[in-house]
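Below is a short briefing on selected local features, grouped by topic. Please read it beside the sequence and the coordinates.

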Amino acid sequence: MAQDSLQCLAQLASMHGPVFPDESAQVSYLAHLVEGLLSMINGIEIEDSEAVGISNIISNLITMFPRSILTALPSELFTSFINCLTLLTCSFGRSAALEEVLDKDDMVYMEAYDKLLESWLTLVQDDEHFPRGCFVQPAVQVFNSYIQCHIAAPDGTRNLSVNGISSHEEEEINELQEDDRELFSDQLSSIGMLGRVAADHCIPLLTSLLEDRVTRVHGQLQRTQQHLMASSDPGSMDRKVLDDLYEDIHWLILVSGYVLADDPQGETPLIPSEVMEFSIKHSTEVDINTTLQILGSPGEKASSIPGCNRTDSVIRLLSAVLRTSEVESRASRASLTDLLSPQMGKDIMWFLRRWAKTYLLMDEKLYEQISIPLSTAFGADTEGAQWIVGYLLEKVISNLSVWSSEVELSNDTVELLVTLVEKRERANIVVQCESWWNLAKQFASRSPPLHLLSSPVQRTLMKALVLGGFAHMDSDAKQQYWAEVLHPLQQRFLNLINQENFAQISQQEAVKQEIVATLEALCGIAEATQIDNVASLFSFLMDFLSSCIGLMEVYSNTPETVNLIIEVFVEVAHKQICYLGETKSMKLYEACLTLLQVYSKNNQCRKRNDASAEEDQYQDLLLIMELLTNLLSKEFIDFSDTDEVFRNQDQGTPATNRTVSAADVVLYGVNIVLPLMSQDLLKFPSLCNQYYKLITFICEIFPEKIPQLPEELFKSLMFSLELGMTSMSSEISQLCLEALSPLAEQCAKNQEKDTPLFVATRHFLKLVFDMLVLQKHNTEMTVAAGEALYTLVCLHQAEYSELVETLLSSQRDAVIYQRLADAFNKLTASSTPPTMDRKQKVAFLKSLEEFVANVGGLLCVK
Amino acid sequence: MGDDSFDIADSGASLTYPMQCSALRKNGHVMLKGRPCKIVDMSTSKTGKHGHAKVHLVGVDIFTQKKYEDICPSTHNMEVPHIKRKDYQVSDISDGYLSLMDDAAATREDLKLPENDLGKEIDSQFEKVDNIMVTVLEAIGEEQVVAVKYTK
């Protein structure tokens with residue numbers, strides 16, 4: 001009974017719309033509901049199985065009732081409701097933490113807790129309707145509770161089970177498991193928001209806890225170091241104390257990151273208004289010099305600096321994270337890296353990246369009001385900003401050396417570096433640091449320890465170094481920069497491949513490594529493309545692309561290298577094509593065409609012995625299809641400004657001298673790819689998806705080329721479409737259905753009657769007809785099928801009538817016969833005779849909805 | 001390029017070189033249990049949330065196709081075999097041995113026709129086509145034909 005009752009209550013809590021005659025009715029309904037809810041919750045011991053149901057009721061009523069109705073509740077009732085919600089949230093939070101310790105399969109309290117935190121976010125985000133400050137105390141309680149559940153005893157309750165015994169299970173954690181920052185991002189967003197609402201309490205709390213933990217880690221590391229020096233058995237050391245501290249710091253940093261900043265994808269994040277207001281409010285009590293001193297001395301305890309209680313709290317929280325980072329750096333310099341936590345290292349990098357995007361060199365024009373401490377410490381043209389950039393850069397460089405073996409941490413580290421250089425204002429400061437130039441030189445010379453980094457990390461590092469090159473420098477400095485960073489790459493490569501005996505030495509390990517490193521670097525350079533650097537990067541990359549084609553021949557028997565070469569083309573196409581004007585695009589198309597010709601020649605017939613032969617074939621086919629799809633994407637996304645970007649550099653090449661178009665390259669490529677796509681290969685999902693994406697793109701973008709294809713190729717294409725419609729995933733089915741309309745329209749345009757395409761579309765009519773009438777599909781699929789059906793019916797009206805006739809005449813049951821006959825009549829009533837007119841098509845689709853509702857499933861084969 | 005010690009001259013040549021575990025890549029090569037393997041799977045794990053990474057490697061012997069696995073801390077060095085490939089034209093097959101010629105017209109007759117599907121294919125196609133090429137893979141002092149190429 002309980003489950004059903006709760007479900008019923010949840011539905012009652014989501015009542016809205018015209019059922020309420022006026023606002024006052026809504027208010028009194030809600031009041032009644034809330035009273036009942038409160039007395040229910042206060043009167044019972046909530047069972048585990050009821051938690052989710054109760055949280056649903058609360059979530060629904062908060063989401064579905066307008067703010068104005070909630071605030072119109074009698075204030076005592078509203079207060080009681082908020083208090084109840086607060087207590088419930090904290091209670092569910094504690095139970096959820098217990099569930100984690102016990103590692104339950106079904107975490108009902110976690111689910112309920114998530115729901116309630118989501119509701120809090122909804123409530124506090126819309127603060128204008130609610131009385132000012134009414135959420136501060138609740139926020140404090142929920143925030144405190146979250147922190148307590150996540151830090152260890154005695155301050156917190158993490159890992160304590162019911163009887164107070166703490167567990168310390170060491171489980172194997174696979175790389176595929178999401179980091180907490182993603183796994184709990186919803187919870188953290190809510191807690192972050194609540195932390196902002198109650199900033200007066202929460203920000204200083206985070207700071208004091210973090211500063212305390214950092215001091216303790218420092219002490220513990222020192223003690224452990226002495227123990228290790230005294231004892232000959234490192235295994236005798238108990239890591240529990242350190243691990244507990246690392247876990248505390250992990251959560252404190254995560255929460256701090258979510259309180260201080262957001263991370264919207266693709267936009268410049270702003271300092272949250274609550275944080276800015278908090279800083280401004282207290283700025284009169286703040287001593288700027290002390291604040292800057294605390295910021296600039298991460299190696300010293302904050303509390304040891306005189307006047308430390310007169311610092312800006314936001315800055316002091318950042319400083320606490322910098323202190324964590326400093327302890328980490330010093331420990332690794334003292335050869336204690338084995339005792340450190342890579343997870344904590346990741347958290348630090350993550351936080352600093354998130355923080356830097358928002359606070360470092362903030363643009364004051366974007367804010368109505370600005371906090372003086374914040375703008376003095378990190379604003380444009382400040383010493384503070386310069387110092388921080390220098391400090392972050394040193395940290396990145398140190399990490400790249402110390403943590404080269406930890407791939408995720410290295411990755412987070414280079415991503416911080418990219419953040420530092422991807423915006424010009426920051427890059428301008430970075431390039432003034434000597435350590436940046438040292439990094440560039442070190443990387444260019446491929447010397448240790450940077451060569452130990454994994455390939456993806458090296459690529460991103462290359463990207464960062466290229467981005468940095470576009471910072472503001474005087475022309476001498478700029479020339480020198482490219483001379484350090486890019487020219488060695490080019491020089492070494494050319495010296496190598498231009499050697500007379502290159503083909504003979506090509507298999508030597510050192511040579512192969514040089515080639516691979518160069519190809520990886522090219523991918524990284526392509527990734528650095530931005531709209532204002534595409535011109536110079538394109539020229540640089542194009543020179544390489546021609547040489548790369550030559551490499552295809554030399555390494556034709558080494559699949560890994562061939563794949564990497566193709567990948568360079570894929571990356572260049574991916575990142576640059578949408579910015580290239582006509583002339584440059586053509587150069588790229590030509591290069592790609594040549595690449596494909598060489599690939600085709602080298603793959604006339606191959607049989608490999610390795611067990612991974614199939615996967616090798618799959619790898620290069622996947623890359624080629626990605627390349628072709630990237631070239632086609634220009635049809636959808638074109639930022640080029642008809643060669644304006646290149647006008648100064650490119651004279652005398654008449655645009656009318658078109659030799660190669662995207663269609664040419666793509667169809668040539670498809671010609672190669674199609675015969676190689678066996679049924680077996682289609683079993684690889686990524687390959688299958690890419691293949692169908694490509695061929696349906698072609699049907700949509702170049703339908704006029706389809707009839708011009710060679711017979712074998714045409715047949716394969718049609719067969720693939722049929723296969724896709726009938727035997728593949730619904731995403732692929734849909735893509736194929738969407739490709740049919742352009743094909744049918746192509747036929748209609750040319751008034752063809754007996755061409756292979758005309759015949760093929762007639763066959764498709766039957767397939768789509770059967771799909772709609774004999775099978776059940778979801779709405780999206782039905783719409784896609786309906787659109788296809790309409791265009792095909794327009795083209796093959798007689799055939800359609802025949803299909804309907806045949807279907808009807810095969811019905812034995814008179815009732816079904818009549819229902820079907822009526823349904824079909826209604827279907828085409830509004831579009832007789834059917835033409836390719838948009839209005840008619842829309843009417844048809846509406847009728848189709850009715851048709852499917854009426855007789856859909858009637859004829860389904862059981 | 002002359003910075004490393006990979007001397008590929010005949011005598012005293014090292015057959016493997018060390019590489020940090022975390023820098024290995026899938027589809028690259030590594031020595032597992034003494035055998036040269038192509039890496040078909042590489043994943044990392046750690047013991048506890050604050051542990052250091054360990055790399056799990058799954059490889060396939062490039063000569064025998066046998067599967068091998070290993071786990072190592074990501075800071076450790078693994079040995080990577082020097083791999084060399086060379087293409088030869090097949091001029092004759094007799095007694096299970098291949099007569100091969102390289103592009104400098106040097107010949108060799110010391111390599112066996114492999115006893116697998118690839119070998120069968122080479123054998124059956126040899127009579128039928130004009131020009132049949134094979135790729136010979138060399139690693140840790142062993143050599144074997146691993147691929148065939150011909151135009152029909």
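A:Ser335 sits in the loop that runs between helix H14 (313-333) and helix H15 (342-359) of chain A; helices (H or I, at least four residues) and strands (E, at least two) are DSSP runs, numbered from the N terminus. This is a predicted model, in which local features need pLDDT of at least 70, side-chain atom pairs count only at pLDDT 80 or more, and totals for chains, interfaces and linings use all residues. Residues are numbered from 1 along each chain as its sequence is written, chains are lettered from A and ligands numbered from 1 in the order in which they are written, and side-chain values use heavy atoms, with hydrogens and water left out.

**Backbone: positive phi**
- A:Ser335 is not a glycine, yet its phi is positive, about 60°.
- A:Ser335 counts as exposed because its relative accessible area is 65% (buried is under 20%, exposed over 50%, partly exposed in between; 1.4 Å probe, protein chains only).
- B:Asn27, also a residue other than glycine, has a positive phi near 75°.
- The loop between strand S1 (16-20) and strand S2 (29-32) of chain B holds B:Asn27.

**Backbone: cis peptide bonds**
- The bond from A:Ala153 to A:Pro154 is cis, with omega near 0°, and A:Pro154 lies in the loop between helix H7 (136-150) and strand S1 (172-174) of chain A.
- A:Pro448 and A:Pro449 are joined by a cis peptide bond with omega about -5°.
- A:Pro449 is placed in the loop between helix H20 (434-444) and helix H21 (455-468) of chain A.

**Negative surface patch**
- A patch of negative charge on the surface includes A:Glu100, A:Asp114, A:Glu170 and A:Asp186.
- Patches are made of residues with over 30% relative accessible area and no salt bridge, with like charges joined within 9 Å and nonpolar side chains (Val, Leu, Ile, Met, Phe, Trp, Tyr) within 5 Å; a salt bridge is a side-chain nitrogen of Lys or Arg within 4 Å of a carboxyl oxygen of Asp or Glu.
- Helix H6 (residues 108-125) of chain A gives the largest share of the patch, three residues.
- A:Asp186 belongs to helix H9 (residues 185-197) of chain A and is exposed, at 63% relative accessibility.

- A:Leu366 and A:Ile271 are 95 residues apart in sequence and 9.7 Å apart in space, C-alpha to C-alpha.
- A:Leu366 is found in the loop between H15 and helix H16 (372-378) of chain A, and is partly exposed at 46% relative accessible area.

Note on methods:
Accessible areas come from the Shrake-Rupley method with a 1.4 Å probe; for residues, only the protein chains shown count as cover. Lys and Arg count as positive and Asp and Glu as negative; His and the chain ends are not counted. The place of a charge is taken as NZ of Lys, CZ of Arg, CG of Asp or CD of Glu.
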